[in-house]
Amino acid sequence: MTVKPLGDRVLVKMEKEEEKTKGGLFIPETAQEKTQIAVVVAVGDDKDEIKVKEKDRVMFDKYAGTQIKIDGDDHLILSMGDILAVVS
Amino acid sequence: MTVKPLGDRVLVKMEKEEEKTKGGLFIPETAQEKTQIAVVVAVGDDKDEIKVKEKDRVMFDKYAGTQIKIDGDDHLILSMGDILAVVS
Amino acid sequence: MTVKPLGDRVLVKMEKEEEKTKGGLFIPETAQEKTQIAVVVAVGDDKDEIKVKEKDRVMFDKYAGTQIKIDGDDHLILSMGDILAVVS
Amino acid sequence: MTVKPLGDRVLVKMEKEEEKTKGGLFIPETAQEKTQIAVVVAVGDDKDEIKVKEKDRVMFDKYAGTQIKIDGDDHLILSMGDILAVVS
Amino acid sequence: MTVKPLGDRVLVKMEKEEEKTKGGLFIPETAQEKTQIAVVVAVGDDKDEIKVKEKDRVMFDKYAGTQIKIDGDDHLILSMGDILAVVS
Amino acid sequence: MTVKPLGDRVLVKMEKEEEKTKGGLFIPETAQEKTQIAVVVAVGDDKDEIKVKEKDRVMFDKYAGTQIKIDGDDHLILSMGDILAVVS
Amino acid sequence: MTVKPLGDRVLVKMEKEEEKTKGGLFIPETAQEKTQIAVVVAVGDDKDEIKVKEKDRVMFDKYAGTQIKIDGDDHLILSMGDILAVVS
């Protein structure tokens with residue numbers, strides 16, 4: 001089962017809760033919280049727009065993207081423009 | 001009876017329910033569910049924009065496109081930009 | 001009496017009800033129904049944008065275009081971008 | 001007294017009611033009615049955009065343009081993009 | 001005291017009421033009235049956009065521009081795009 | 001303490017009330033009042049867009065820009081496009 | 001733990017309250033207050049758009065950007081266009 005994103009889209013796998021704060025990063029869990037972190041699983045074919053690669057941990061606005069489940073795990077399809085930063 | 005999409009549009013045939021979860025992909029059936037899967041039946045003439053081909057299984061936002069029935073089967077006319085990924 | 005569309009506009013004549021389902025195509029008559037079919041009567045002068053020709057049966061979003069009556073028959077002036085597909 | 005439209009604008013003189021249906025064209029006078037017809041009196045200086053000429057009878061959306069009276073007659077200043085078709 | 005408009009902006013001086021109908025032009029004073037006339041006092045430095053010159057009488061949408069008083073007289077700063085026509 | 005505007009932005013210092021009407025210019029103090037005058041203190045680095053210089057008195061829409069206080073004085077950071085005219 | 005902004009984005013660290021008024025700059029703490037100051041920690045890779053560098057103190061609209069905490073400190077990811085000025 002493969003999901004191949006198109007154009008400038010990026011498929012990411014959501015991190016489990018316990019992984020989110022590793023390395024000192026903390027996303028505030030309040031009403032103002034707006035970001036999430038996930039790991040890149042596959043990228044689209046638009047070489048000019050795609051600035052991340054597989055296995056990058058990326059940060060994005062909480063309400064960005066489209067939710068899907070693959071083999072029971074939560075994933076998102078994001079547009080490259082929804083990705084704010086790479087976390088390492 | 002033929003429906004030929006124009007420009008960057010793509011005609012897709014909706015999958016029956018039992019087909020949707022094959023290969024481990026699962027679209028959550030909750031209020032948040034937002035994607036659907038269908039099979040490409042015909043593509044428009046805009047070669048630069050069209051990135052899918054007949055028989056591709058494609059994933060798109062649930063509220064994208066325009067519904068039509070052809071010979072009793074549910075179809076959609078999507079714009080290429082509504083298609084998020086190819087599933088294989 | 002002639003109505004000559006300008007630019008990328010297309011003049012279409014609405015089909016009578018009994019013609020709409022010929023060839024197995026069926027537009028669902030529910031609240032969700034969103035498409036209609038009509039026959040092209042005249043096209044604008046923007047050669048680059050116009051992708052249909054006289055006598056084509058075209059499909060478009062139900063609320064697209066501007067209604068006029070010519071010799072008692074319902075017509076619409078559509079923009080090329082409102083036309084989704086050619087039906088044959 | 002001269003009104004010279006600028007750029008892609010067109011000055012049109014509204015037709016009297018009795019003129020509107022000549023030649024078999026009928027604009028439905030219901031809540032859905034959306035078009036009107038008028039005669040071009042003067043055009044702007046944007047040669048690339050202007051596609052009509054003086055004395056053309058043109059059709060446009062009912063709520064387009066800006067109303068003025070010249071010597072007691074109703075006129076409109078329309079943008080070229082508001083004009084749907086030439087009627088002859 | 002000088003007000004020099006910038007870019008494609010135009011400074012106009014409002015006409016007194018008695019001047020508005022000279023030459024047979026009449027702007028309807030109803031709820032639908034939408035245009036006004038004023039005389040150009042100064043123009044911006046954007047030569048490509050500026051299509052009027054000092055002393056031109058220009059017509060514009062009633063709610064366009066920004067009001068100022070200079071030496072007690074009502075003026076407006078308009079963008080070139082707000083000016084519909086030159087009246088002569 | 002220095003505030004250096006970026007791009008096409010301009011830092012202006014608000015004029016005291018008594019300065020506003022000098023030279024015969026009067027900004028009406030009614031509900032319709034919409035302009036203000038200030039003196040340019042610093043300009044951004046976008047040479048193509050910046051059309052004013054330090055010490056120019058400029059006129060702008062009342063609700064434009066972002067308010068800051070520097071050493072107790074009211075200032076605004078405006079975009080060049082918010083500035084309507086230079087007053088001299 | 002590193003957060004690397006993408007494209008024209010800039011990571012800034014919020015200043016503690018006591019730092020905000022140093023050098024005579026004062027951001028009014030009223031309902032109208034709209035700006036904040038922070039120190040640049042990292043910049044994106046879009047060399048053409050990025051006009052600030054690490055350690056610059058920058059001013060931005062209060063509601064701009066996306067909040068994150070890194071090692072317990074408040075940070076924001078801003079787009080370059082949200083940054084109004086450099087304060088020094």
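C:Asp73 is partly exposed, with a relative accessible area of 25%. In this predicted model, the side chain of C:Asp73 forms a salt bridge with that of C:Lys13, at 3.5 Å from N to O. Because C:Asp73 belongs to strand E7 (residues 73–79) of chain C and C:Lys13 to strand E2 (residues 9–14) of chain C, the pair ties together parts that are 60 residues apart in sequence. C:Lys13 is likewise partly exposed, its relative accessible area being 32%.

**Salt bridges in chain C**

- A salt bridge also links the side chains of C:Arg57 and C:Glu15, with an N to O distance of 2.7 Å.
- C:Arg57 lies in strand E5 (residues 57–61) of chain C, while C:Glu15 lies in the loop between E2 and strand E3 (25–26) of chain C, so this pair ties together parts that are 42 residues apart in sequence.
- C:Arg57 counts as buried because its relative accessibility, 13%, falls under the cut-off of 20%.
- C:Glu15 counts as buried as well, at 9% relative accessibility.

**Salt bridges in chain A and in total**

- In chain A, the side chains of A:Arg57 and A:Glu15 meet in a salt bridge of 2.7 Å, taken from N to O.
- A:Arg57 is part of strand E5 (residues 57–61) of chain A, and A:Glu15 is part of the loop between strand E2 (9–14) and strand E3 (25–26) of that chain; the pair therefore ties together parts that are 42 residues apart in sequence.
- A:Arg57 is buried, with a relative accessible area of 12%.
- A:Glu15 is buried too, with a relative accessible area of 9%.
- Over all chains, the count comes to 23 salt bridges.

**Overall make-up of chain A**

- Chain A contains 8 strands and 0 helices.
- Read from the N terminus, its elements follow the order β-β-β-β-β-β-β-β.
- Chain A has 88 residues, of which 49% count as buried.
- Of the contacts in chain A between residues at least 6 apart in sequence, 64% join residues at least 24 apart.
- The accessible surface of chain A is about 4400 Å², and 47% of this surface belongs to carbon and sulfur atoms.

**Strand pairing in chain E**

- Strand E5 (residues 57–61) of chain E is mostly covered, as 4 of its 5 residues are buried.
- E5(E) is joined by 4 bridges to strand E8 (residues 83–87) of chain E, and the two strands run antiparallel.

Notes: Residues numbered from 1 in each chain as written. Chains lettered and ligands numbered in written order. Predicted model: local features only at pLDDT ≥ 70, side-chain atom pairs only at ≥ 80, totals over all residues. Heavy atoms only, no water. Buried < 20%, exposed > 50% of the residue type's maximum accessible area, 1.4 Å probe, protein only. Contact = heavy atoms within 4.5 Å. Areas by Shrake-Rupley, 256 points an atom, 1.4 Å probe, with all protein chains shown as cover. Pairing = 2+ DSSP bridges. Salt bridge = Lys/Arg side-chain N within 4 Å of Asp/Glu carboxyl O.
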